[in-house]
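I opened the model to look up its nonpolar packing and its aromatic rings. My entries follow.

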Amino acid sequence: MTLPYSVTGPRPRSRTRPRRGIASLVATWRSAPSKPGGGEGKSRYLIAALPDAALIFDRSLQISFANAAAEALFGYGSGEMVGLRVGALMAPAKRESYETEIRAAFAAWKGVEGVRGLERVARRKDGGEFPVEVNANPCETAEGPMVVSIVRDISRRWAKDRALRRSRENLARA
């Protein structure tokens, strides 16, 4: 049997297949109406469509936008996170240090890249705590400087790390 494409090379994509993942998001973003004078409307539209939890907050650390994935991750209903302080989403024991850390990062972000891979303990609306990885980038908007933050639940990673440590300890004892 002869295939119409190389087995070792990439298979050609059908033009009729629906787009998925990032390609779908980019296509949606490009087709979204933009406000006169900028693409901020498009940017929020794209952030809203992300599969990861996304938050936008200002210098006062108040959340001005949370996508549906963020609301689901933290257990809030639609629109309930807007107006909350970012620290309210962190474990109480580290809340103040986390907010101080964000303020310091805000002050240093003039021309500096954002924060990548911070591991913290977050808190759901019901009080349950879970480990997260936080990535944040500053951006200038018509409303002033803001931070776009992507938050991922890393509970599975932490569980796997604990299991691996236990296995190594058991192996070392044997």
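Is phenylalanine 130 buried or exposed? I find phenylalanine 130 buried, with a relative accessible area of 3% (buried is under 20%, exposed over 50%, partly exposed in between, with a 1.4 Å probe and protein chains only).

I note that this is a predicted model, where local features need pLDDT of at least 70, side-chain atom pairs count only at pLDDT 80 or more, and totals for chains, interfaces and linings use all residues. Residues are numbered from 1 along each chain as its sequence is written, and side-chain values use heavy atoms, leaving out hydrogens and water.

Aromatic rings. I searched the whole structure and got one aromatic pair (ring centres of Phe, Tyr or the six-membered ring of Trp within 6.5 Å; planes under 30 degrees apart are stacked, over 60 edge-to-face, the rest tilted). The rings of phenylalanine 74 and phenylalanine 130 have centres 5.8 Å apart and planes at 55°, so I logged the pair as tilted. Phenylalanine 74 is in helix H3 and phenylalanine 130 in strand S4, 56 residues apart (DSSP runs numbered from the N terminus: helices H or I, at least four residues; strands E, at least two). Phenylalanine 74 also counts as buried, at 1% relative accessibility.

Core. The largest nonpolar core has 24 residues, and Leu55, Phe74, Met81 and Leu89 have the most contacts inside it (a core is a set of buried Ala, Val, Leu, Ile, Met, Phe, Trp, Tyr and Cys residues joined through side-chain atoms within 4.5 Å). S4 gives the largest share of this core, four residues. I found another core apart from it, of seven residues, including Ile47 and Val148.
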